[in-house]
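Here is a short briefing on one protein model. Please look over the structure first, then read the notes by topic.

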Amino acid sequence: MNFWFEMAINAVEVTLILSFLVQYFGYRMACPAKYIWTALFGVLSFGSVAFFSWGHLYEGYASLVQILINIAFCCILLRGSILQKIFVSAFTMGLVAVIATFTALLVAKLSGNNVTLLLSRFNSVRIISILITKLLFFVITRIILRVKENGKIKWLDVIPLAAIPTLSIITITLMMYAAIQEPHIQNIVFYAVCIVLALNILIYFLFVRLGQVSKIQTEMALLALQNECL
C-alpha cells in the first residue's frame with residue numbers, strides 16, 4: 001500500500017504542476033493533439049519524480065530536473081514569452097519543494113516527531129503531511145492565477161528572478177539533509193525554510209511588478225510615437 005500511495009501522490013503532484021502551467025499560459029493550439037502531448041509530458045514528469053523518490057527520504061533534486069521538463073512543456077504547447085516560461089517553470093518547482101519541506105517540518109514539529117521518522121514511516125501523520133502539502137500548493141497556485149501578469153520582461157530581469165527559486169531548491173535540500181542527519185537543528189531549519197518560502201512569494205510579486213512596469217513603458221512609448229506622428 002505504501003508503494004501505491006507514493007505513486008498516486010506523485011501522479012497528483014505532476015497533475016497539479018502541469019494543470020497550473022496550462023491555466024497560467026493557456027494552450028497555443030486548438031487541436032486534440034495537445035492532450036496527447038500533455039499526457040506524454042505527464043508520463044515523463046511522473047517518471048522523473050518516481051525515479052528520484054525511489055529509495056530516497058527527501059527527493060528535492062527532482063525539482064531541478066522538473067524545471068527543464070516544465071520549460072520544454074511550456075515552449076512546445078503553451079502561449080507566452082520564453083522569458084515568462086523560464087521564470088514560471090522555475091518558480092513553480094521552487095514552490096513545490098519549499099511547501100513540501102515546510103509542511104514536513106511543521107507537522108513534525110506539531111506532532112513531536114523526528115522529521116526522519118516522519119519521512120521514512122508510512123503512518124497517519126505522514127499521510128496528513130502529504131495531503132496538506134498538496135492542498136497548500138493547490139490553494140497558493142489558485143491565488144497566483146488571480147494575480148498573474150503578462151507584461152514582457154527583460155533577460156537581465158529574468159535571470160536573477162529564475163535563479164532565486166532554483167537556488168532555493170538546492171538550499172532547502174541541503175538544509176533538509178542537515179536536519180535528517182542532525183535532528184537537534186530541526187527547529188532552526190524550519191524557521192529558515194519559512195524565510196525561504198516568504199522570499200519565493202516576494203519574488204513572484206516582484207516578477208508581476210516588473211511586468212506591469214514593462215507594460216506601462218510600452219504604452220508610454222506608443223503614446224510618444226503617436227504624438228510625434230501628430
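The accessible surface of the protein comes to about 12,100 Å². Carbon and sulfur atoms account for 72% of that area. The model is predicted, with an average pLDDT of 85. Its secondary structure consists of 8 helices and 0 strands.

**Overall build**

- In sequence order, the pattern reads α-α-α-α-α-α-α-α.
- The C-alpha trace spans about 70 × 40 × 25 Å along its principal axes.
- Of the 230 residues in the protein, 45% are buried.
- Among contacts with a separation of 6 or more, 82% join residues 24 or more positions apart.

**Confidence**

- A pLDDT of at least 70 is reached by 95% of the residues.
- Helix H3 (residues 62-77) has the highest confidence, at a mean of 91.
- Confidence is lowest in helix H5 (residues 115-120), where the mean is 76.
- Where pLDDT is low, predicted coordinates should not be read in detail.

- The structure holds 2 salt bridges.
- One of them joins the side chains of Arg126 and Glu6, at 2.7 Å from N to O.
- Arg126 sits in helix H6 (residues 124-146) and Glu6 in helix H1 (residues 2-25), so this pair ties together parts 120 residues apart in sequence.
- Arg126 is buried, because its relative accessible area of 13% falls under 20%.
- Lys134 and Glu13 also meet through their side chains in a salt bridge, again with 2.7 Å from N to O.
- Lys134 belongs to helix H6 and Glu13 to helix H1, so the pair links parts that are 121 residues apart in sequence.
- Lys134 is buried, with a relative accessible area of 15%.

**Aromatic pairs**

- The whole structure contains 13 aromatic pairs.
- Tyr204 and Phe205 form one that is edge-to-face, with 6.0 Å centre to centre and 75° between the planes.
- The pair counts as edge-to-face because its angle of 75° is over 60 degrees.
- Is Tyr204 buried or exposed? Tyr204 is buried, with a relative accessible area of 2%.
- Phe205 is partly exposed, at a relative accessible area of 46%.
- Both residues belong to one aromatic cluster, made of Phe87, Phe91, Tyr204, Phe205 and Phe207.

**Nonpolar surface patch**

- Which residues make the nonpolar surface patch of about 400 Å²? The patch is made by Ile36, Trp37, Leu40 and Ile76.
- Helix H2 (residues 33-53) supplies the largest share of the patch, 3 residues.
- Leu40 is found in helix H2.
- Leu40 counts as exposed because its relative accessible area of 52% is over 50%.

- Asp157 lies in helix H7 (residues 155-181).
- Asp157 counts as partly exposed, at 27% relative accessibility.
- Asp157 and Leu210 are 53 residues apart in sequence. In space, 8.2 Å separates them, C-alpha to C-alpha.

Methods
Residues numbered from 1 in each chain as written. Predicted model: local features only at pLDDT ≥ 70, side-chain atom pairs only at ≥ 80, totals over all residues. Heavy atoms only, no water. Phe/Tyr/Trp six-rings, centres within 6.5 Å; stacked < 30°, edge-to-face > 60°. Buried < 20%, exposed > 50% of the residue type's maximum accessible area, 1.4 Å probe, protein only. pLDDT = per-residue confidence, 0-100. Helix = DSSP H or I, 4+ residues; strand = E, 2+ residues; numbered from the N terminus. Patch = residues over 30% accessible without salt bridge, like charges linked within 9 Å, V, L, I, M, F, W, Y side chains within 5 Å. Areas by Shrake-Rupley, 256 points an atom, 1.4 Å probe, with all protein chains shown as cover. Salt bridge = Lys/Arg side-chain N within 4 Å of Asp/Glu carboxyl O. Contact = heavy atoms within 4.5 Å.
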